[in-house]
Amino acid sequence: MVNFLAASNRAEEFQIGNERYQQGAYEEALQHYYQILSDGYESGALYFNIGNTYYKLDQLGKARLYYERAAKFMEGDESLTENINILRLRLVDQIEPPPQFFLSAWWQYAINFLPLNALIWIEVILLWLVLILLSIRIYYRSRGRGTRLSLPYHTALVIFIAATLICIQKIYNLETERHGVIMKPSVTLFAEPKQGGTEVFVLHEGTKVKIERQNQNWFEIRLEDGKTGWLEGDHFEII
Amino acid sequence: MADNAGPERIGKMRRVSALVIWLGIILVIPLLSDAQDVRLTATVNRNEVGLNDQFQYSVDVSGKSTSLPDVQFPDFSDFYVLSGPNTSTSIQWVNGVMTSSKTFSFFLQPRQEGRFTVAPASITISGKTISSNEILINVKKETATPAPADPQTRRSPGDEISADNLFLVARVDRISAFLRQQIIVEYKLYFRVNVRGYNIDKLPANAGFWTEDFKMPAQPIIENEVINGINYNVATLKRVALFPTQVGELTIEPMQVTLETLVQTRRQRSLFDSFFDDPFGRTVQKTISSKPLTIRVKPLPEEGRPIGFNGAVGNYRLSVSADKREVLTNEAISLKVVLSGTGNIKLVDLPIPVIPSDIEKYEPKISSDVKTDGNTITGVKSAEYILIPRIEGQYQIKPIRFSFFDPSAQKYHTLSSAAIDLNIEKRSGTIAGSTLQPGGFSRQQVKLLGQDIRFIKEFSEFRPTGQRIHLSLPIWASILSGIILFIGFVAINSYQVKLSSNELLLRSRKAGKHAAKILSAAKKQLNASDQSAFYKAISLALQVFVRDKLGLELTELSTENVRRVLEKRQINNSEIEDYLSVLQESDLRQFANMISNADDRKEIYNRARDILTRLEKWI
C-alpha cells in the first residue's frame, strides 16, 4: 500500500513538472523532476525531460548529460536521437568521428538499436522460442517421423545468437565503459595528469568523452576522433 | 508716316493704361488687407531709472495698411511728459509685400520713486481693439546705471558690447523628458548692437543624446523681441533636436560664437585717430557662449509596455498596402510598409510582415526620409517587399503591429494594420511566355519552418535508481526456467522413446504375463476331451515366454538354439533341462496321440507353471 502511494506521488510529481515545463516555468519543472530522483527513482523519460528543460534554460552541458543518461534507458528513441543531434549542432566542439569500416558501423548500429532493458526481454523470448522449436523437432525426430520446422528453427537460432552477442557486448560496454560530459565552458586537457603539463587541446561545454583510466583526481579521456588527454575530475560529470 | 503714327499712338496709350492699372493695384491692395496684420509694440530704452533721469517710451505701429489709425496712448499720470509724441514713419517692401510702420516716442521723467506700470497703448481698426504690452518701470532715488543717453554720441565701445546688449541664449522646449523623446534646443542671439557676422566656434557635443540638426536659412532671420520692455533683435543661429539615449540628469553643453560687431567711433577723438578708423565705426570681435542646461531624462514607464515594443518614442502612423490583391501565380506583388511620424525615425526598426511560406519574399528596399525644416523632426521610413506567390490559393498577410510610446499622452500605443487578403489564381499552362511545367511549382516537400528540440515525454515508468536490468531477478528466473523446462522435456522424451522404440524389451517385460495368460487358457482344457488343445497351449506358453523374454523369433526356437541362448544368460543347467523336458513332453503328448488322464495333464500343467515361475526370476 505504501509503495503504491509512493508510485502515484512520483507520477504526480512528473505530471506537475511537465505542466510547469509547458508553461515555461523551467526552474520549477526542474524542482519537480529532481524530487523524483532524490526519492531514489529514475526513468528514461525523466532524464529526457530534464535534458529538455536544461536545453530550454540554455545550459547545454547539463542538457547533454541528462540526454546521455536517458540514452541508457531509451537508446534508439527517435525524439532522443533528434534532440541530441540538435543539441550537438549548438555545441562549440564539433567532433567528426573518423569513417568506420562498414561492418563495424553495422555492428555499432545494431548495438545502439535497442536499449538493453528491451533487448534483454527480447533475448529471453527468443531463448524460449528456440527451445520450444528445438523440443518439437526432437519430439518428431526421435520418433522417426522426419525433421520438421527446419526454417523457423534455424532463423530463430540465428537471431537468438545475434541478439545474445549484442546483449553480451552491451552488458560488457555498460560494465566497463564510462563516459562523461564536459560541464565547464572551456577546459584545457594536458598530456599528463598534472597541472602545467603540455597542453594538448581545449574542450568546451557539452562534449561527450570516453573515460579511459583514472589517476587520483585526474582522468584520461578519449574523444570520438581518437584524441586523448588528461583532465581534472571537477571539469566534467560522469554519465 | 501716317501709316506709322497709328500703331505708335496705340502703343503709348497702352503703356499709360498699364501704368494706371499698376498704380491702382499698388494703392488698392493695402487698403484691402486685413486689420489683423496690424501690430502694436511698446518699448522703453531702459526700465530702471533714477528719479531725475529721463527715458524714452515708444509705441510702434506696423501693418500692411498705409492709413494707420490714431493710437490711444496710455495715461502718463505717473510721469512728466518732457516731449512727444514725436512721430516717425517708414515704409518697407519685403517680397512684394508692403509694410508701413509708425513710431510715436515720448521722453518721460518719473514724478516719484517706486514701481510703475505704463498701461498698454491701444488702437482700433474696423471695430477691433489691439493693445500693446504693459511695461514695468522701476524708479529709484539714485541713477542705478550710467545714464544711457543718446547712443549716437555717448557710448564707449566697452559699454556697447556689455552683456545686456549682446547675449546668447539656449532655449529648450522642455527640461524634463522621457528616454528618446524629442527635445528641441534653439540657440538665440539677442543683440542691440550692430552685428556684422558670426561664426560658431564650438558646436555643443552633447553626450548622451542622439542629435539631429534642423536646416537653417543661410542668413538668419532677425526678429524683434521685447524683454522687460527693451527691444532686442533676435537671430536664431541654430536649432537642434536632441533624443536622449540615457536616463538621468544630462547636460546640454554651451555653444560658443564669435561675433563681429561694429562700434561707433567716439566723436571726441582726435582727427588722426578717426582718420585710421572706419568712417562708420570700428569692428570689434566678441566671443560669447550660452549657459549649460540640465535636462532630467526619465525612463519609459514599465506599466502597459506592449510585448512588441522596441523603443520607438514619438507619434507614428503605420500603413501597409499591397498594389494588387488578385494575381496569377509567379506574378509579383509589391507590399509597402510605411511608418511616418514625429520622433527619431532613423533609429526605429520597421515591423516585418509575416508572409505565408508559399509566397516567396525578397529582401525589402528600405528608404527613410527625415524632414529637418519643420518645427520638429518628422520623417517617413518605408520598406517595399516584392512578393511572388508560387502556389494558387487564398492567403492572408496577418496584421502588422507596431508599438510606440507617446510622450505627450505618456501612454503606449500599438498600431495594427489591416490584414491583407491575397487571392492567387493558377496561371494556366498554355499562357504564352510561361515556360513553367504545369504544376511545376506545386510539388514540394514539407518545408521545415524552424528547428527546435522535440517535446518532453508525457508518461513514464519509474525504477529504483541504479538497478541493473541484466542482473535483475525476473530475467534470470525466466532464462533458467526455460532451460530447466527444456532439459526436463528432453529427459522425459528420451525415456519415452526408449520405451516405445524397443518393442522387444516391452515383450520381454510382458513375457511372464503373456505366458501366464496362455497357461490359464490351458488350465480350462484340463478336463476337456481334446487333449491336443491342452498340450498345444502348454507348449505355446513355454515357447512364447522364452521367445518374448529373449527377443527371439518363433522359427529360432529349436531345442539347441534355446539351450544355447539360455546358457548364454547363465541360467542353471537343471532349469534348462527342466524347461526343455516339459516342452518335449508336452510336444510329444500333443502329436503322439497318447492317452492321458486328468492327473497327467495336471502334472504337466504344474511343471510348466513352476518352471516358468523359476525362469521369470532368472531372466
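How are α2(A) and α3(A) oriented to each other? I opened the notebook with this question, keeping in mind that the model is predicted.

**Entry 1: the helix pair in chain A.** I looked up the two axes and found that helix α2 (residues 26-38) of chain A and helix α3 (residues 44-56) of chain A come within 10 Å, crossing at roughly 155 degrees. Since angles over 145 degrees count as roughly antiparallel, α2(A) and α3(A) are therefore roughly antiparallel to each other. I also noted the hand of the crossing of α2(A) and α3(A), which is left-handed.

I then listed the residues where these helices meet: α2(A) contributes A:Tyr26, A:Ala29, A:Leu30, A:Tyr33 and A:Ile36, while α3(A) contributes A:Leu46, A:Asn49, A:Ile50, A:Thr53 and A:Lys56. Sorted by class, the contact of α2(A) with α3(A) has seven nonpolar residues, two polar ones and one charged one.

**Entry 2: confidence in chain A.** I checked the scores for the chain and wrote down an average pLDDT of 87, with 97% of the residues scoring at least 70. Within chain A, confidence is highest in α3(A), at 93, and lowest in helix α1 (residues 2-23), at a mean of 80.

**Entry 3: chain B as a whole.** I turned to chain B, for which I recorded 10 helices and 32 strands. Of the 619 residues in chain B, 22% are buried. Taking the contacts in chain B between residues at least 6 apart in sequence, I noted that 73% join residues at least 24 apart.

**Entry 4: a helix pair in chain B.** I looked up helix α7 (residues 531-550) of chain B and helix α10 (residues 598-618) of chain B, whose axes come within 11 Å and cross at roughly 10 degrees. An angle under 35 degrees counts as roughly parallel, so α7(B) and α10(B) are roughly parallel to each other. On the α7(B) side the contact is made by B:Gln531, B:Phe534, B:Ile538, B:Ala541, B:Leu542 and B:Phe545, and on the α10(B) side by B:Arg601, B:Ile604, B:Tyr605, B:Ala608, B:Leu612 and B:Leu615. I count by class 10 nonpolar residues, one polar and one charged in the contact of α7(B) with α10(B).

**Entry 5: a loop residue.** Where does B:Arg390 lie? I found B:Arg390 in the loop between β27 (378-389) and β28 (393-397) of chain B. B:Arg390 counts as partly exposed because 16 C-beta neighbours lie inside 10 Å. I also noted that the C-alpha atoms of B:Arg390 and B:Ser357 are separated by 9.6 Å, although these residues are 33 residues apart along the chain.

Note on methods:
Residues are numbered from 1 along each chain as its sequence is written. Chains are lettered from A and ligands numbered from 1 in the order in which they are written. This is a predicted model: local features need pLDDT of at least 70, side-chain atom pairs count only at pLDDT 80 or more; totals for chains, interfaces and linings use all residues. Axes are lines fitted to C-alpha atoms, for helices over the stretch in contact, and angles run from 0 to 180 degrees between N-to-C directions. Helices (H or I, at least four residues) and strands (E, at least two) are DSSP runs, numbered from the N terminus. Angles under 35 degrees count as roughly parallel, over 145 as roughly antiparallel, 65 to 115 as roughly perpendicular and the rest as oblique. A crossing is left-handed if the near helix is turned anticlockwise from the far one by less than a right angle, and right-handed if clockwise. Two residues are in contact if their C-beta atoms, placed from the backbone, lie within 7 Å. Ala, Val, Leu, Ile, Met, Phe, Trp, Tyr, Cys and Pro count as nonpolar, Asp, Glu, Lys and Arg as charged, and the others, Gly among them, as polar. A residue is buried if 20 or more other C-beta atoms lie within 10 Å of its own, exposed if 12 or fewer, and partly exposed in between; C-beta atoms are placed from the backbone. pLDDT is the predictor's confidence in each residue, from 0 to 100.
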